[in-house]
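Let's take a walk through this fold together.

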Amino acid sequence: MNKKLRGEQGVEEITITWHGPYKLQNIDKYYIVNKTGIYAIYRVFGNNETLQYIGKTERSFVNRINEHAKEWLHLYRGQLYVRFGVLSFEPGKKFSSKKLDDVESLLITYCKPPENTSNYKYYSGRENIKIVNNGRHGLIPKIISTDMLEWC
């Protein structure tokens, strides 16, 4: 039996280049809103900034954020900001919906934003994923990997 243990096989590195923060009510002014990927919604109340929600979209960022605005973002006090993350991959690797799911799940499980309900307690993605956050990633750590999670 030739079973590979966790950590023995190669780790896939996914880079996210973050843009922002942009005030929620002004996002349509920026070219980045027409792209797809990962987004993070922050609230600033007083001098306190908190990460509220992490999401993914294969549609444009602006379409997805506008849906959230209609559903629940209007209920928040304080100023809301959003950061947009565009994914890139190692040479020979390419985008897939599953990779986007893995990235969202790992970010949520590690960062635990209070408005996320799925993936909050348990990571549901594949093992051996490493996320490198570049640019303006705010409160999200520079590097997050599945090796940093506690496995049950």
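Predicted model: local features only at pLDDT ≥ 70, side-chain atom pairs only at ≥ 80, totals over all residues.

Which residue's side chain meets that of Lys98 in a salt bridge? The partner is Asp102, with 3.1 Å from N to O; a salt bridge here is a side-chain nitrogen of Lys or Arg within 4 Å of a carboxyl oxygen of Asp or Glu. Both Lys98 and Asp102 belong to helix α2 (residues 97-111) and sit four residues apart, about one turn of the helix.

Residues are numbered from 1 along each chain as its sequence is written, and side-chain values use heavy atoms, with hydrogens and water left out.

Now zoom out. The protein has two helices and six strands, and from the N terminus they run β-β-β-α-β-α-β-β. The radius of gyration is 16 Å, close to the 15 Å that the globule rule gives for 152 residues, so the protein is as compact as a globular protein of that length. (That radius is taken over C-alpha atoms, and the rule is 2.2 Å times the number of residues to the power 0.38; helices are DSSP runs of H or I with at least four residues, strands are runs of E with at least two, and both are numbered from the N terminus.) Along its principal axes, the C-alpha trace spans about 55 × 30 × 25 Å.

What about the inside and the outside? Of the 152 residues, 42% are buried. The protein exposes about 8700 Å², and carbon and sulfur atoms supply 47% of that, as computed by the Shrake-Rupley method with a 1.4 Å probe.

Side chains of opposite charge can pair when their charged atoms come close. A search of the whole structure turns up nine salt bridges.

One of them joins Glu13 and Lys130, at 3.7 Å from N to O. Glu13 lies in strand β1 (residues 12-23) and Lys130 in strand β5 (residues 129-135), so this pair ties together parts that are 117 residues apart in sequence. Glu13 is partly exposed at 29%, and Lys130 is partly exposed at 25%. Elsewhere, Glu67 and Arg59 pair up at 2.7 Å, with Glu67 partly exposed at 25% and Arg59 partly exposed at 40%. There is also a network of salt bridges that links Lys56, Asp101 and Glu104.

Next, Glu12, which is in strand β1 too. Glu12 is buried, at 10% relative accessibility. Setting aside neighbours within four places in sequence, its contacts include Phe89, Lys99, Asn128 and Lys130.

Over in helix α2, find Leu100, buried at 1%. Beyond residues up to four places away in sequence, Leu100 touches several others, among them Gly37, Ile38, Lys56 and Leu87. Thr57 is another of its contacts; the two C-alpha atoms are 8.4 Å apart, though 43 residues separate them along the chain.

Finally, some backbone details. A cis peptide bond joins Gly20 and Pro21, with omega about 5°, and Pro21 is in strand β1. The loop between α2 and β5 holds Asn119 and Asn128. Asn119 has a positive phi of about 65° although it is not a glycine, and Asn128 has a positive phi of about 60°. Asn119 is buried at 14%, and Asn128 is buried at 4%. By contrast, Gln25, in the loop between β1 and β2, is exposed at 52%.

Definitions and conventions:
Buried < 20%, exposed > 50% of the residue type's maximum accessible area, 1.4 Å probe, protein only. Contact = heavy atoms within 4.5 Å.
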